[in-house]
Amino acid sequence: VVLSEGGPHLASRRAVVLHHRAVLAFLLTRYDVALDLETRSVELCPWPDSLANILAILLRLGEEGRARDLLAHLPAGFGTAMAGSVADFIRFDPDLELLRDALPSTVEETPCDTLLH
């Protein structure tokens, strides 16, 4: 449907499809597939949800160093607003708990209990 409709929102709609496929792959513990799909989604249309998911996938793959490197480069690569939104996910998502020490200290609210966004 996305491809047949085309139009000016084709890239963002394709990104959403890839994002949802990545979430499913993550839930099926196919982390390598999830990383590929989510990375392709971000290439089409970067969203904080997808960037946070890439960090969670990297952590599940045991690639904490790569996740920290990506986190450090988010402001330069995607802007401070996008990096701030990703930081909000990190503060509350249990899948991103290992990265919390890389964020500036803030007052924490109720953590979320979802796996992916």
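**How the helices sit together**

Modeller: In this predicted model, His19, Val23 and Phe26 of H2 meet Asp49, Ser50, Asn53, Ala56, Ile57 and Arg60 of H4.

Colleague: What kinds of residues make up the contact of H2 with H4?

Modeller: Four are nonpolar, three polar and two charged. Asp and Arg count as charged, while Val, Phe, Ala and Ile count as nonpolar.

Colleague: Why is H2 called roughly parallel to H4?

Modeller: Look at the angle: H2 (residues 10-27) and H4 (residues 48-60) pack at about 25°, and their axes are 11 Å apart. The label needs an angle under 35 degrees, so H2 counts as roughly parallel to H4. The two helices also make a left-handed crossing.

Colleague: Which residues of H2 meet H3?

Modeller: On the H2 side you'll find Ala11, Arg14, Ala15, Leu18, His19, Arg21, Ala22, Ala25 and Phe26. Their partners in H3 are Tyr31, Val33, Ala34, Leu37, Glu38, Arg40, Ser41 and Leu44. Sorted by type, the contact has 11 nonpolar, two polar and four charged residues.

Colleague: Let's move to H6. How do you know what span to expect for H6?

Modeller: Take 1.5 Å times one less than the number of residues. H6 (residues 80-92) has 13 residues, and the expected value is 18 Å. From first C-alpha to last, H6 reaches 19 Å, which is close to that.

Colleague: Which residues of H6 are buried, and what makes a residue count as buried?

Modeller: A residue needs under 20% relative accessible area to count as buried. In H6, those that pass are Met82, Ala83, Val86, Ala87, Ile90, Arg91 and Phe92. Their cover includes H4 and H5 (64-78).

Colleague: What share of the whole protein counts as buried?

Modeller: By that cut-off, 38% of the 117 residues.

Colleague: What makes the order of elements α-α-α-α-α-α?

Modeller: The protein has six helices and zero strands, and reading from the N terminus gives that run of α.

Colleague: What share of the contacts with a separation of 6 or more joins residues 24 or more positions apart?

Modeller: That share is 48%.

Conventions:
Residues are numbered from 1 along each chain as its sequence is written. This is a predicted model: local features need pLDDT of at least 70, side-chain atom pairs count only at pLDDT 80 or more; totals for chains, interfaces and linings use all residues. Side-chain values use heavy atoms; hydrogens and water are left out. Axes are lines fitted to C-alpha atoms, for helices over the stretch in contact, and angles run from 0 to 180 degrees between N-to-C directions. Helices (H or I, at least four residues) and strands (E, at least two) are DSSP runs, numbered from the N terminus. Angles under 35 degrees count as roughly parallel, over 145 as roughly antiparallel, 65 to 115 as roughly perpendicular and the rest as oblique. A crossing is left-handed if the near helix is turned anticlockwise from the far one by less than a right angle, and right-handed if clockwise. Contact means heavy atoms within 4.5 Å. Buried means under 20% relative accessible area, exposed over 50%, partly exposed in between (1.4 Å probe, protein chains only).
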